[in-house]
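Here are my notes on the model you sent. Please read them with the structure open.

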Amino acid sequence: MKGHRYPNVTDDLSWDVAKTESVGIPAIWNSLKHLGKYVDVPQALKASLKMNQEGGFDCPGCAWPDPDDDRSKLGEYCENGIKALAEEATKRKVAPIFLKNHSVAELMTWSEYKLGKSGRITHPMYLAAGASHYVEISWEAAFEKIGEHLKNLADPNEAIFYTSGRTSNEAAFLYGAFVRAYGTNNLPDCSNMCHECSGYALSQTLGIGKGAVTLDDIHQAEVVMVIGQNPGTNHPRMLTALENCKLNGGSIIAVNPLKEAGLINYSNPQKPLRILKGGVDLTDLYLQVQVNGDVALLKAIMLLLLEEDEKSGDIVDHQFIKEHTHGYDDFIKDLKKEDFKTCVLESGVDEQLIRNAADVIAKNDKIIICWAMGVTQHENGVQNVCEIVNLLLMRGAVGKAGAGPCPVRGHSNVQGDRTMGIWEKMPESFLSKLDKAFDITSPREEGYATVPAIKAMHDGKAKVFFGMGGNFVSATPDTDYTADALRRCDLTVHVSTKLNRSHLVHGREALILPTLGRSEIDVQSSGYQFVSTESSMGIVQNSKGVLPPKSDHLKSEVAIIGGLAQATLSDREDVNVDWQSFVADYDLIRDKIEEVIPGFDRYNERVRNGQGFYLPNGVKVRDFKTKTGKANFTINPRPLLELEDGSFRLTTLRAHDQYNTTLYGLDDRYRGIKNGREIILMNKADMADHNLRGGDVVDVVSDYDGVKRKVSNFKIVPYDIPRRCLGAYFPEANPLVPIDLINPETHTPVSKNIIVKIRQVAKT
Ligand SMILES: Nc1nc2c(c(=O)[nH]1)N[C@H]1C(S)=C(S)[C@@H](COP(=O)(O)OP(=O)(O)OC[C@H]3O[C@@H](n4cnc5c(=O)[nH]c(N)nc54)[C@H](O)[C@@H]3O)O[C@H]1N2
Ligand SMILES: Nc1nc2c(c(=O)[nH]1)N[C@H]1C(S)=C(S)[C@@H](COP(=O)(O)OP(=O)(O)OC[C@H]3O[C@@H](n4cnc5c(=O)[nH]c(N)nc54)[C@H](O)[C@@H]3O)O[C@H]1N2
Ligand SMILES: [Mo]
């Protein structure tokens, strides 16, 4: 079967006006309803009380941190956390008999939703060359097969080792050590498609590729800007922090092409009295930028700040700038070249609203800027983040209480995985210590990030793909191209909990290795094990599963790495690592982490403290580890936002009922959309111009570098979105994202600004 298509699931699509409030009673009800269908409810409720609590496990959903103290007795989780748990704790199973009954070709015709709902994979499964069905295989034989393939490659750089962001610190660190002992730095990860631009920009400007605020900072901030992020769906517990900020007198400014319900009004489900009062109005100023209008908006705001400062001298923090920053004069010289009116126009936001926003930012000192994918997944993603930093630096809002940059990370341990060395270009300081700790010689040559890895497979330069979690074919750009790339491999292997598309779009041979979920009990030969994760705010804490594993045949990710390393490296004379000792006792892995990575002193002791510990972060104390030793202002050109007649800017979004490529359901409750994912959100005036009505069926085409990419049978939904901008869901729209349309510094695919045209196929 060519390519990779999603069967149409929009037959009874409906839409209503988008909501203006979030959470509250419907959310709790919704999550319980969701639980009942698939899960053993008493077991899941028991588990939910342990989620994000001391002695329990870290929610497998997003990377939002837990409060340092005062965790809610009602449960420190959210509606979408419960859904994430329900996916792991499902009653349904994909046992060998299931895969005997359903061929790969048949499963290819199932929607992503149906595949995911099939349940947890119970046994290692193997697809032989030319075979139609997966069959059960023993763990030993599976490891043997992978080991043989890896040993037979002409060059270790012909293997790709992907990581999705749920992998624990312990598993990620051991995996990185194995991959480098084997001989490659080909360690692409989901971060390459996610916050890579944040890491890059923050390292250049502030000296650390992470955020520098705590929950407490958000509570005491006077202004929180939330740019390109939809916390009501993707980080629901962040709304509690924003609520606290509001109740303490803070102001919230949202910057988003869509009016997201979660940012408008919030009823904290853990505060029933507030629900009765109608919740808390969160956003004071909602700036509905056009897609990729953020640099123009930030420049307009900075021009206003500068203008005020030139009059009064007390808006720009000159003292801070003199002591702690570099490049201010050049930055100002460049900023002054911008015309305010043009910036306003290009941002798509009403001038008065921009003036109001600048006023709030000028009058308050404790300013935090939070952001996510609406900022990073752009060709100018690095510049977007750099402009955010420029604004904070102008106001001296870095390295003090209640202020600073706050990239809100996605997967629950994506930040930890990077700290642990999951990166294609870890610095020498890490590699040399890793070499010493394991007595190995890591290669120094830079490996492939995600997009270069896809191209290498496509070009036949890489032949084995190993995925530690994730759903590579669906999450990556240019689906048909990526599907071809995977199909050209000799072997594709996925360590997974659930069935997904990447098991079906496979290499000549394929393996599925089923693993324990975060909520499950992990016992190894030395006894019960726990793992640890790092939150978006740099807090490392332990996570211990509480539910019995769904099958006796599951292995932990650590055990899978141990088995794989042994099968691959046991006859290599230059590698003498006792991999099984690490599998037996994860404390030994943590000892090695402590040896290699700064900030993990007394790891085994401190991680046992229920609340975990903060990793060191120089930015918080104005110790900027940049080349200049200061915080750097940067010069960032404003992207040109011209559009040909008939073209639109398409941004891809997550619905309320999904976790990346895992679909919890087919609705997007807050946006008022039901039973449909193959849709295009469109401004009513644009619909009128193109003679389109809600429900009309269209093809969407992107034309880039001479290649036309298309998705078919999408339905138009009228929506409050700026003119000439369109919204569609990730991953259904991924075939439209060109493989070469990337942010040049980091190779991040441009998933938030795809230039497309629309062709009507049928009327409603
Ligand atoms: N329930 C749930 N939780 C999740 C996830 C999930 O799928 N489901 N995914 C996890 C992961 S891996 C991540 S990275 C995060 C993602 O969290 P988000 O970044 O919140 O997710 P997206 O849906 O990609 O949405 C980005 C927001 O950016 C806006 N936007 C789009 N284009 C632009 C633009 O050009 N400028 C601006 N200013 N805004 C824009 C969109 O309208 C949307 O509100 O969530 C994590 N948490
Ligand atoms: N167009 C478009 N594309 C995007 C984005 C976008 O906004 N728009 N967002 C990008 C972003 S931000 C990200 S992070 C990526 C996400 O990319 P990925 O991380 O690759 O995708 P997920 O859908 O999160 O992966 C889900 C699969 O992980 C497996 N899994 C779940 N839990 C575990 C576990 O505990 N261990 C293991 N080993 N496996 C597990 C399950 O089998 C499940 O099917 O997608 C990117 N792609
Ligand atoms: Mo992400």
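1. Start with Arg590. Its charged end sits over the ring of Phe530, 4.0 Å from the ring centre. Keep in mind that this is a predicted model.

2. Six strands form an open sheet in the order β6-β5-β18-β17-β16-β7, and the pairing is mixed. Strands β6 (135–136) and β7 (159–163) are the edges; each pairs on one side only.

3. Look inside that sheet at β17 (residues 491–496) and β18 (residues 509–514). These two strands pair in the parallel sense, over six bridges. His494 stands opposite Ile512 in β18.

4. Helix α8 (residues 169–182) lies across β7 and β16 (464–468). The helix runs at about 170 degrees to β7.

5. Now the aromatics. The model has 21 aromatic pairs. In one, Phe161 and Phe466 have ring centres 6.0 Å apart and planes at 45 degrees, so the pair counts as tilted. The two residues come from distant parts of the chain: Phe161 is in strand β7 and Phe466 in strand β16, 305 residues apart.

6. Finally, Phe161 and Phe466 belong to one aromatic cluster.

Key:
Residues are numbered from 1 along each chain as its sequence is written. Chains are lettered from A and ligands numbered from 1 in the order in which they are written. This is a predicted model: local features need pLDDT of at least 70, side-chain atom pairs count only at pLDDT 80 or more; totals for chains, interfaces and linings use all residues. Side-chain values use heavy atoms; hydrogens and water are left out. Two strands pair if DSSP finds at least two bridges between them. Helices (H or I, at least four residues) and strands (E, at least two) are DSSP runs, numbered from the N terminus. Contact means heavy atoms within 4.5 Å. Axes are lines fitted to C-alpha atoms, for helices over the stretch in contact, and angles run from 0 to 180 degrees between N-to-C directions. Rings of Phe, Tyr and Trp (its six-membered ring) pair if their centres lie within 6.5 Å; planes under 30 degrees apart count as stacked, over 60 as edge-to-face and the rest as tilted. A charge sits over a ring if NZ of Lys or CZ of Arg is within 6 Å of the ring centre and within 35 degrees of the ring normal.
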